[in-house]
Amino acid sequence: MTDAFEPEIVAFCCHYCAYTAADMAGSKRISYPPNVKIIRVPCTGKVDAIHIMRAFEKGADGVYVAGCLEGDCHFKTGNIRAAHRVRRVQALLEEIGMEGGRVEMITMSAGMGERFAQTAREFTEKIRALGPSPIRDAIRQSGRRAAG
Amino acid sequence: MITAVRKSIEEIIACVSPYDRILLVGCNECVSVCSVGGRKEVALLSSALHMHFLKQGKTMDIREMTLERQCDPEYVEELVNYMDGADAVLSMACGCGVQTIAARYREKPVFPAVNTTFMGASERQGVWSERCQGCGDCVLGITGGICPIARCSKRLMNGPCGGSTKGKCEIDANIDCAWQLIWDRLKALGLEKRIEDIMEAKDWRTSRDGGPRTITREDLAS
Amino acid sequence: MKTESRLEKVLASGALAVTSECGPPRGAVPDKVKEKAEMLRGCVDVVNVTDNQTAMVRMSSWGASVIIKQMGMDPVLQMVTRDRNRLAMQADIIGAYSLGINTMLCLSGDHPHFGDHPQAANVYDLDSVQLIQTVVKMRDEGKFQGGKDIDHPPKMFVGAAANPFADPFELRVMRLAKKVKAGVDFIQTQCIYNLDKFETWMKGVCQRGLHEKVYILAGITPMKSAGMARYMKNRVPGMDVPDDVVKRMESVPKEQQPEEGIKIAVESIQRLKEVKGVAGFHIMAIEWEEKVREIVEKAGLLPRPEL
Ligand code: SF4
Ligand code: SF4
């Protein structure tokens, strides 16, 4: 192994909590791994199963959905719906022989800058331990085949 | 509506893996309402299959299409321009939709991606239950609006049997005893006496037992 | 007399009838049937032969019934509507009658879910009430269910089951009335442990005069152990075993429990003999046929009438 594996992680972050928490982490200079690419959503309820699947299809090694604490969703039950969808994607990934643990639902409040950074670190480490997504490799190889 | 559940990805993969180009066809009616074969589910299945085959080093060409109604030849006709580009069709509609495609495109293999389950109603978000078996001679008018054929485990016409316990069916404590429901409803309607009217042996000819059924409406058929 | 049935004759004579049952073996062992039936000889009037009881495949009811008939005893052909459609059932009725079987019991049967072929198609072309109608029509009108004439119609004495303890209780008398309306001749009830509830049901039956239209045989099953009492109470759908019966079984040491079970059965019969409308007893000693004689004797029901 020459290059150490650097996981690519997509985090769907709710505008009202996780995204604000990420902001706070930034302004307080609490560092978190650059592996995490944040996508801001108006509510995690807006994140559909297919969005998560597409992230994997495009080569993400891990995806998490970060929403408000239970009971605090700005739209009442968006975070609960998101949790259901995450479970559904976990099952679907398992069905095609990938680790369900590559996707996770996380909750926090807007004031939790430290928690944001910490979960970003932990999730990155978890995915690092799982290794690269088989899809990422497959994309690279099929690209090579296409080029060759 | 007609309800269904998706087949395991494993079974679906086994059907489509010999092919390179798949036309994945959903339906916007019943199976869309019960979240198994509408546009969203088509996208998800397509994505999962893509990833599965990518892992095997194969780029599966999957074209997604969701028709207004797959059991209607008029809509199924819309697929005509895509058939040449497909080796096989994978349908997420109920069995009626799958067969409408098979009848129209005789030279293309078509596979069901769902198991068509029953005619049912939505009990609450995410829960559907069987309500009708299409017996062709509806008795709901006599049984207080509860179907003994679809909802009694023994389709008894003169229930309840001796196994009815605390309102539940003998086969499962989570299943309502249809005849308890019928009785409760007849009482609510003040029609208790009716429970003693014998329902005569049913004429199953109007059901599947009379052979496959057809409806022809002279005023509409040309 | 509608038929040649021994049971009909005993009941018509006014004597308390005694019936019991024999579950056919799960294999081609006719000797098993003979062995069980032999234990019942002379202490019961007729022997019910179950039909794929608890939805498990067994020797057919009519096959075992013929064996019993050949022993010079009188079988009651049980028939569930779960496994056969109306063609098969009517054919079997004619076949059984042709081999000398003249008494039968019409049941819907346990759902296949309970048995060893849960994959089986669940026929239920007819239900038990409709089967009663069918057999009565064959006998009294000489017509098949479908309406055509029968050449030499079978004359069956027709029974059915009643469960006074199933829910909803308020419907239980009405349901019996329905079977009477369908033409049933005799009834064998579910095993009775809750005697008070049974008496309440019988009162309702008599109020409507149903006891004058149908013979009611009270169901008795002796319990072998406290474990069996608990199992029946908690696990068997439509069974009512009151707490004090379970407690009574538990109150004696394990080796005395069978004896206690027999005692309870005998006491139940003694009490039920006095209940208006009870025309006899159906003793279902499951895999315990050897005890039937003792129960019948202790209950003062021997000797059985000679006809
Ligand atoms: S009686 Fe027949 S038509 Fe009516 S709900 Fe039941 S199965 Fe359907
Ligand atoms: S318990 Fe009720 S629903 Fe179940 S088989 Fe008996 S009558 Fe039918």
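Begin by selecting C:L16, which sits in the loop between helix 1 (6-12) and strand 1 (17-22) of chain C; helices (H or I, at least four residues) and strands (E, at least two) are DSSP runs, numbered from the N terminus. The model is a predicted one, in which local features need pLDDT of at least 70 and side-chain atom pairs count only at pLDDT 80 or more, while totals for chains, interfaces and linings use all residues. Residues are numbered from 1 along each chain as its sequence is written, chains are lettered from A and ligands numbered from 1 in the order in which they are written, and side-chain values use heavy atoms, with hydrogens and water left out.

Is C:L16 buried, exposed or partly exposed? Its relative accessibility is 24%, so C:L16 counts as partly exposed, given that buried means under 20% relative accessible area, exposed over 50%, and partly exposed in between (1.4 Å probe, protein chains only).

The buried ones are C:S61, C:G63, C:A64, C:S65, C:V66, C:I67 and C:I68, and they pack against strand 1, helix 2 (30-40), strand 2 (46-49) and strand 3 (75-80) of chain C. After helix 3 of chain C comes C:G72, with a positive phi near 80°.

Now turn to the largest nonpolar core, a set of 73 residues in which C:L176, C:F198, C:W201, C:L272, C:F281 and C:I283 have the most contacts; such a core is made of buried Ala, Val, Leu, Ile, Met, Phe, Trp, Tyr and Cys residues joined through side-chain atoms within 4.5 Å. Helix 5 (residues 128-140) of chain C gives the largest share of this core, six residues. If you select C:L272, its contacts beyond four places in sequence are C:I192, C:L195, C:F198, C:A218, C:I220, C:V278 and C:F281.

Move on to the meeting of chain B and chain C, where 29 residues of chain B are in contact with 33 residues of chain C. The area buried here (accessible area, 1.4 Å probe, that two parts lose on being put together, summed over both) is about 2,700 Å², and carbon and sulfur atoms give 49% of it. In chain B, select B:K154, B:E196 and B:I198, which lose the most area to chain C, together 23% of what that side buries. Two salt bridges (a side-chain nitrogen of Lys or Arg within 4 Å of a carboxyl oxygen of Asp or Glu) are counted between chain B and chain C, and C:E170 forms a salt bridge with B:K187, their closest N and O atoms being 2.7 Å apart.

Finish where chain A meets chain B, a contact that takes 20 residues from chain A and 19 residues from chain B. These two chains bury about 1,600 Å² between them, 63% of it on carbon and sulfur atoms. On the chain A side, A:E57, A:E95 and A:I96 lose the most area to chain B, together 33% of what that side buries.

Note on methods: Contact = heavy atoms within 4.5 Å.
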